[in-house]
Amino acid sequence: MEVPLLKQGDFLIATIQAALTDADLLQLRTALVQQVVRFRSRGVIVDVTSLDVMDSFASRTLREVAQMIRLRGAETVIVGIQPDVAFAMVQLGLKLEDVTTALDLEEGLAHLSRRSTNGA
Amino acid sequence: MLFISLSMHTLDDQTGVKSMTRIDSGPESTQIHDSAIATEESSRPVSVLLRELVAHLRDNRTQLREEWARRITEAKLLTAMTKDEIFAEATSVYDNYVEALETGTFEALQAYARNLSERIIPRGVETDEVVGIVLLLRDVLARSLFAKYQTDFTKLNRILDAYEPAANRIANTVAVGFVQERERIIREQQEAIRELSTPVLQVRERLLILPIIGVIDSQRARQLTEQLLRGIRTNRAKVVVIDITGVAAMDATVANHLVQTVEASRLLGATVIVTGLSPEIAQTIVNIGVDLGKMNTVGDLQGGIEQAERLLGYKVVPFVETP
């Protein structure tokens, strides 16, 4: 299932709407990096509000997305992790280290805007 | 005792008894056949015996009930209740008891037991008292049966065959009903206590305070975390100050829970500042090897709130009174 990517000025927004298979996740990773290059985006938001499960593969793939996009000089913010999902993740030791997280889309965009203005 | 085989059905289960007589092949056939005749003889009268038994209990209701109430007081049970109350409850229990014997169904008794428990538990009645009075009633009724049928031992035997399993089942039902009600109340109270003791308080826009007081065990730590994460989402908090001044001690497991809470909060975009660590807890945290770079700590609550305000871009400026 392909995740729709939306362009919002300098930023790309990917909203995950349902559970993704491993193949879908890898496809998303590829698509995000390609689009960042194409649009010269400065930030990416991945919205996982609709996910009620986050397994180790998804967690690792999101970290890889952030690392790849950083190599293009852009920042990734994961938003919308639900309380239950966050709880389960820390219990499993899936910490999403070095990945910026924010409460929701609004917060994520605010963060990216601040970083852009500061010339980060 | 025939407790297991007869307890699940009404005692008038003639079909079940008759099917036993069909086992008639093999060397044991004669023996089985003989006992089959014996059971067939007494199987028909079982329901009749039961009716006779119930009638006896109803006819002698007044004096048996009085004797029971007397023995309850003698045994110093139900001291939390007055004599009139004991008599009133004794009447209900007696009638329910006899009805359960008569119908062989226990739902009404179960419902009554729970209802009774709900009323008497707040009065401080203990489990041993409830079990005690039911067993006393069992004894009072059994003895009245002995007295009545003492001249006909065979009949007494058969009456007891009818009485014993049902009486056991009744005692069981009442005791279990009582204990279940107690457990339900305890669970409710525990839940209420837990909710009360971990409030998540918003003191500024985007700033939450979680003051923890008392003993934290794994279950409370977990409940705390869930409550905090929900609070972060609801209040859209960006900073949380967890104050543990009121926590005397923490073991490694709970310290780990605290670290997990910090990490989970970060996943929701909130920064956590922990304040009020006692020397003992500071030692525990260092001993379990927590990466302190991940734990944001400040000495006391005041310092914690000040740092939170800085993080949020607040500045506290004193009012200058214009004369």
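Student: Which residue of E3(B) does Leu208(B) stand opposite?
Tutor: In this predicted model, the residue opposite Leu208(B) is Val240(B), in E3(B).

Student: What joins E2(B) to strand E3 of chain B, and in which sense do they run?
Tutor: Six bridges join E2(B) to strand E3 (residues 239-246) of chain B, and the two run parallel. Strands count as paired from at least two bridges, so with six bridges E2(B) and E3(B) pair.

Student: How do you know that E1(B) pairs with strand E2 of chain B?
Tutor: The cut-off is again at least two bridges. Between E1(B) and strand E2 (residues 207-213) of chain B there are three, so these strands pair as well. Their sense is antiparallel. Two positions in E2(B) can be named: Leu207(B) faces Arg204(B), and Ile209(B) faces Leu201(B). The hairpin of E1(B) and E2(B) has two residues between the strands, and there Arg206(B) has a positive phi near 70 degrees.

Student: Why is E2(B) called largely enclosed?
Tutor: A residue is buried when 20 or more other C-beta atoms lie within 10 Å of its own. Five of the seven residues of E2(B) are buried, so the rest of the structure largely encloses this strand.

Student: What makes E1 and E5 of chain B edge strands?
Tutor: The five strands of chain B form an open sheet with mixed pairing, in the order E1-E2-E3-E4-E5. Strand E1 (201-204) and strand E5 (296-298) each pair on one side only, which is what makes them edge strands. From one strand to the next, the twist averages 30 degrees.

Student: Why is one side of E1 and of E5 in chain A left without a neighbour in the sheet?
Tutor: In chain A too, five strands form an open sheet with mixed pairing, ordered E1-E2-E3-E4-E5. Strand E1 (5-8) and E5 of chain A each have a single partner strand, so each has one side with no neighbour in the sheet. On average, neighbouring strands of this sheet are turned by 25 degrees against each other, direction ignored. E1(A) and strand E2 (residues 11-15) of chain A are antiparallel and share four bridges. In E2(A), Ile13(A) is the bridge partner of Leu6(A).

Student: Which strands of the sheet does helix H1 of chain A touch?
Tutor: Helix H1 (residues 22-39) packs on the sheet and touches E1, E2 and strand E3 (43-47) of chain A. The direction of H1 makes about 160 degrees with that of E2(A). Helix H4 (residues 105-117) of chain A lies across E2, E3, strand E4 (75-79) and E5, at about 160 degrees to E4(A).

Student: How do you know that the span of helix H4 of chain B agrees with its number of residues?
Tutor: Helix H4 of chain B (residues 61-74) has 14 residues, which should span 20 Å at 1.5 Å a residue; the end C-alpha atoms are 20 Å apart, so the two agree.

Student: Which residues of H4(B) are buried?
Tutor: Leu64(B), Trp68(B), Ala69(B) and Ile72(B) are buried. They lie on the same side of H4(B), because their arc around the axis is only 135 degrees. Thr62(B), Gln63(B) and Glu74(B), on the other side, are exposed. Just after H4(B), Lys76(B) has a positive phi of about 55 degrees.

Student: Why does Arg233(B) count as partly exposed?
Tutor: Arg233(B) has 19 C-beta neighbours inside 10 Å, which puts it in between, as partly exposed. Arg233(B) belongs to helix H9 of chain B. Neighbours within four places in sequence aside, its contacts are Pro83(A), Leu103(A) and Leu268(B).

Student: Where does the largest share of the side of chain A that touches chain B come from?
Tutor: The contact takes 13 residues from chain A and 13 residues from chain B. On the side of chain A, H3(A) supplies the largest share, six residues. The residues of that side are nine nonpolar, two polar and two charged.

Student: What do the buried residues of H3(A) pack against?
Tutor: They pack against helix H2 (56-71) of chain A, together with helix H9 (218-235) and helix H10 (252-267) of chain B. The buried residues of helix H3 (residues 83-92) include Pro83(A), Phe87(A) and Met89(A).

Note on methods: Residues numbered from 1 in each chain as written. Chains lettered and ligands numbered in written order. Predicted model: local features only at pLDDT ≥ 70, side-chain atom pairs only at ≥ 80, totals over all residues. Buried ≥ 20, exposed ≤ 12 C-beta atoms within 10 Å, placed from the backbone. Contact = placed C-beta atoms within 7 Å. Nonpolar A, V, L, I, M, F, W, Y, C, P; charged D, E, K, R; others polar. Axes fitted to C-alpha atoms, helices over the stretch in contact; angles between N-to-C directions. Expected span 1.5 Å × (residues − 1). Arc of directions from axis to C-beta.
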